[in-house]
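Please keep the sequence and the structure in view while working through them.

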Amino acid sequence: MTPNKSLIQHLARPYFITFLLLALVFSFTMPTAIAKTEGVFTGKNYNVIRVKIKGDLARTLKPYQLKARLYNQIISSAKARNGGKLPTAANQYFVAVVKNSQLWASEFGPVGSVRRIHSANIKNQRAFFTWSGKALTSVQTMDRWPIRFSKISSNFNPRRRHPITKKIRPHRGIDLVAPHGTPIRAPASGRVTHRAGLGGYGRTVKINHGKGYVTLYAHLKGYAKSAKKGSYVKKGQIIGYVGKSGRTTGTHLHYEIQVNGVARNPRTVKLLNSRFKLSGTSLVSFENDRVKQRTALKSARAPLGIR
Ligand SMILES: [Zn+2]
């Protein structure tokens, strides 16, 4: 017998075929066993997401095709909790507890310096907090500008002297040049406190945003129907249109920001950015929830071998 022939005979033996089949089955079962530790799991009271971070958290969660709202809640809160950066492989793992399709609590490593996130509904908004109750999300934010403009024709200058009289005639706002009729959008939510002519300012709108912030829009062509005096406007809502009413040399928006009654430079003023504060009933439910969340997170991370 030649060695070649003996090998062929060897391969034809039933035990070898069984071995091949077993190897094949085994190679398919192994990755499934790993996938059972990581993934999205449906539970009785809540769902659990449990992953080892590879690359970054966004990339790690991609294959699970989470609903957009939940995915955004997870990513934005984790980023805020991680100093503005996505958790990466250095953070080792991430677990989340999901209730009613919304993020309820989450945590990520590294093991030994775990960061947890608490979440709750406050004033009809989903809010996220550190484990000690510091807000990670803003309730109200403000855009720098209420329109897209081509240039600034006159800057904020509280000590501007009149070119002829030499008297101080402060320019309490900034003049933004844009085409006639350009829609003006509320840079932050607030209440319309003025919507009428105002001397040389022409058609003028004022919005009180709370926290001491008031914005003013002058020389308007007209007002937006929905932004009536006394009405509440949302951030981004159209409140009026750029024009040249009042004393003005040309079409532009005169834009003012007052903080606690003082006109400030719209280019540099610290923009409104108010955060949730836990107090009263929201503080009580925060403390109650935190106990349950701690237990839920502990069992969520257990299969990863992290205590
Ligand atoms: Zn002006």
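1. Two strands are said to pair if DSSP finds at least two bridges between them. By this criterion strand β13 (residues 213–223) pairs with β16, as six bridges join them, and the two run antiparallel. Within this pairing, A218 has H254 of β16 as its bridge partner.

2. The model is predicted, and its confidence should be noted at the outset. The average pLDDT of the chain is 89, and 88% of the residues score at least 70. Over residues 31–35, however, pLDDT stays under 50, and the model has zero contacts there beyond four places in sequence. Where pLDDT is low, the predicted coordinates should not be read in detail.

3. Strand β9 (residues 174–177) pairs with β16 in the antiparallel sense over three bridges, and L176 stands opposite L253. Strand β17 (residues 262–264) also pairs with β16 in the antiparallel sense, again over three bridges; here V259 has V262 as its bridge partner. β16 and β17 form a hairpin with two residues between them, and N260 in the turn has a positive phi of about 50°.

4. Is β16 largely enclosed or left open? Five of its seven residues are buried, so β16 is largely enclosed by the rest of the structure.

5. A separate point concerns an open sheet of six strands, in the order β1-β2-β3-β4-β5-β6, with antiparallel pairing. β1 (39–42) and β6 stand at the edges with a single partner strand each, so one side of each has no neighbour in the sheet. On average, neighbouring strands of this sheet are turned by 20° against each other, direction ignored.

6. G39 stands opposite R50 in β2.

7. Helix α4 lies across β3, β4, β5 and β6, and runs at about 40° to β4. Helix α5 (residues 280–301) packs on the sheet and touches β2, β3, β4, β5 and β6; its direction makes about 135° with that of β5.

8. Helix α4 (residues 68–81) has 14 residues and reaches 20 Å from its first C-alpha to its last, close to the 20 Å expected at 1.5 Å a residue. Which residues of α4 are buried? They are Q73, I74, S77, A78 and R81. These residues cover an arc of only 110° around the axis, which means that they are on the same side of α4. In general, an α-helix has 3.6 residues a turn, so residues three or four places apart point the same way. The buried residues of α4 are covered by elements including α3 (57–61), β3 (93–99), β4 (102–108), β5 (115–122) and β6 (125–130).

9. α4 is followed by G83, whose phi is positive, near 70°. K85 lies in the loop between α4 and β3. Is K85 buried or exposed? A residue counts as exposed if 12 or fewer other C-beta atoms lie within 10 Å of its own; K85 has 12 such neighbours, and is therefore exposed. The C-alpha atoms of K85 and I75 are separated by 9.7 Å, although these residues are ten places apart along the chain.

Methods
Residues numbered from 1 in each chain as written. Predicted model: local features only at pLDDT ≥ 70, side-chain atom pairs only at ≥ 80, totals over all residues. Helix = DSSP H or I, 4+ residues; strand = E, 2+ residues; numbered from the N terminus. Expected span 1.5 Å × (residues − 1). Buried ≥ 20, exposed ≤ 12 C-beta atoms within 10 Å, placed from the backbone. Arc of directions from axis to C-beta. Contact = placed C-beta atoms within 7 Å. Axes fitted to C-alpha atoms, helices over the stretch in contact; angles between N-to-C directions. pLDDT = per-residue confidence, 0-100.
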